Amino acid sequence: MPHPVLNPHETTKVELAEWGVDFKQTSVLDRLRIMEVDSDLVRGCKHSLLEICADSVKTLRYLLSSWAKDRQAPELVMHADENAARGSKREREMHEPLRTIFEHIRRYDYIPPRTAQSTASSASFNRCFINQTTDLIGDQYHTLCFGFPRVTPAFTLFNNSDMLERLPRNDRRRRYAWNHVAFIAVKAASETHPFVDENYQATLLLTQVANYARVHLSARPFAAFSVGIMIYGDKFCVGIFDRLGVQLSPQYNMWADLDIFIRIVYSMTHLLTEEQLGRDPSVTLYTVQEHGTAVFGAVNRVGEDPRQWLLSGEKPLWSSFALFGRGTTVWKVREDDGERKSDKKEGAVFVMKSSWRSSKCRSESDIYMLVSAAGGHPGLAKFVTGGDAAFPVDSERWGDRAGLPITVHRLREAILPPMEDTLILHRIVLASEGRPIWEYGTAEELVGGMLDALTGHKWLVDQNILHRNINAGNILLSVHPHEQGARGFLIDLEHAQAMDYPTTTSAPFRSLRGTAPTPDSDSLRFMSRRLLLHLRAGKTSIQNEPEDDVESFFWVLLYAIFRKIIIIAGDDQGISKDAARKFFADMFGQTTIFDIYLMRSSMLGLSELLRSNRFVGKHITHPLHHIIAKCYKDVRAEDSTDRDYDLTDSEDEEKEDRPYQNAPVSFPVSEAFTYAKIMALLQRAVEPRMDINSNNE
């Protein structure tokens, strides 16, 4: 399937600068438990490796020395051709000798757990590093279409070698992301290191590896952090990417520090638990061995509710593509009755949301309890319980962390300095069963779900509460609309601005004031043009208005329609289908505020798709066409006016990297996206007199 590749290097570099990279952290290797690998095993493995794998070692050293003599800069990363993300020709030549070395370390003195005695060389796991030549299969389409290249690391760590040996080489189960628990990036020259350059900015290797981690965190269920080894020339280091930033180990030499390299590889393949490799400690994942694909999990109690929860289904309803920050995931769950069946169908279905919250901010559970006290609304999810996720109560395994809330600092096994903020894993359970907004069956179902969710949003505003984070993962279609009382509903109140004084239903909109949350990449893609302009102008204190959220509802609607269309298109080729894919990637795959705003204001290509693309026209009914066309016209009218802060009038290539200088103090709210106008549009689309099944040819 054609895949537009946008270069995310600059965007990721900004993210790394904002969230922080800690260099030369010996604690990284402490977390990998490398000193728990028996020293006698390391000495024996090193001696045998240099002897048995002499050809591979010689080949690798010869390649590196010959390239060093060439003094030619090797191909780096992320060219326009997606295949470049798989590495240059020189890098690929390194793969086979490296694979031989990894396999020797993994197999050396390995004693399967079934027969192992309590010796220092005993192993609990049997993982292996495999050379990746194709993309991993994630759970969410957005991991492949949000503008980032199909990044494929040189090697990934497969979680079960025994299962891998049973699978045919072309079996898709080899590529499922949940089976891969870590990765290795390989570069040909030691100059392509992951440390800051002369301008104290992240290097290309670090941003590339950060994007490996981004995809890994999004695609692997309940990943709390991601571990990656970087090999560049004859140097290597290890990075751990979590929701608060990056920690890099010191740099080592492959040959001078071969014993450290052996300890790292052996520990990752045999000793580290899944939690030590990044899995959320409060969740236990299971694999149905006879299939090798079905992953499900049991989740510990949430809040004060004593129940445990069982994942219902193999895919989340939503998985954030953000590298840092909240990292929201949304799953369907059922109450755990102890049977632990992946195909369990009995019992009520709930929705569970997990995200990382600031330790200095009000929790989402608190907001939901405030909403419940006000009476609630059918257009909002029904709150059951919530609270901070905790480490299991097992002092032998977790020491002084047992039973405490899971924070980034506790996962890092680091002390939180006084007055410093950290991120806490927070979880809520909702009684409203929903499904993704793009999985609608008819136009009436989609529009009705959006209308009822928007009605719930307006009710929040009437209570002096503004949501402020509308995106495609926060609006769900009701599976049981009669029980819910609405065809769709809104979730995720974490960033809602709640007032601490008594509210009235007649509260004016302008009484709502609050600084917008720091936006992550998920939020930016659905943010209103006005807020994007504020961010573009370098204004970090933004006054949100209800109209901003209402505009975001339209971008979610557009996203749902075109995501549905390209899912229908599948891998089929054709000019019409490729045009639809390109519009979707362009519209929702931009990685800078500058480019997101330009696509919002122009909606480039949309008019042509609606007018002459028969494939698109076949799947957009007259009511949907009317909504899109009306909003398109209004947006173009607003953004075509002659403004002093127009972003499109400069050919300065560096303009997107800095705030423009003539920005006004504030930008006006959109007159196109008021409750009255958008609700009227949606209501008209679901009226019985309109033929929702007729196509726009």
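## Contacts of E433

Leaving out neighbours within four places in sequence, E433 touches K332, V349, V351, L477, S478, V479, H480 and F489, where contact means heavy atoms within 4.5 Å. E433 lies in the loop that joins β16 (423-430) to β17 (434-436), and with a relative accessible area of 14% it is buried, a class that covers values under 20%, while exposed means over 50% and partly exposed the range in between (1.4 Å probe, protein chains only).

## Basis of the model

This is a predicted model, in which local features need pLDDT of at least 70 and side-chain atom pairs count only at pLDDT 80 or more, whereas totals for chains, interfaces and linings use all residues. Residues are numbered from 1 along each chain as its sequence is written, and side-chain values use heavy atoms, with hydrogens and water left out.

## Overall architecture

The protein holds 23 helices and 19 strands, both taken as DSSP runs numbered from the N terminus (helices H or I, at least four residues; strands E, at least two). Of its 697 residues, 59% count as buried, and among contacts with a separation of 6 or more, 74% are between residues 24 or more positions apart.

## Cysteines and helix α22

A search of the whole structure finds zero disulfides, a disulfide being a pair of cysteine sulfur atoms within 2.5 Å. C128 is buried at 5% relative accessible area, and C631 is likewise buried at 3%.

A637 belongs to helix α22 (residues 622-639) and is partly exposed, at 45% relative accessibility. Its C-alpha lies 9.5 Å from that of A672, although A637 and A672 are 35 residues apart in sequence.
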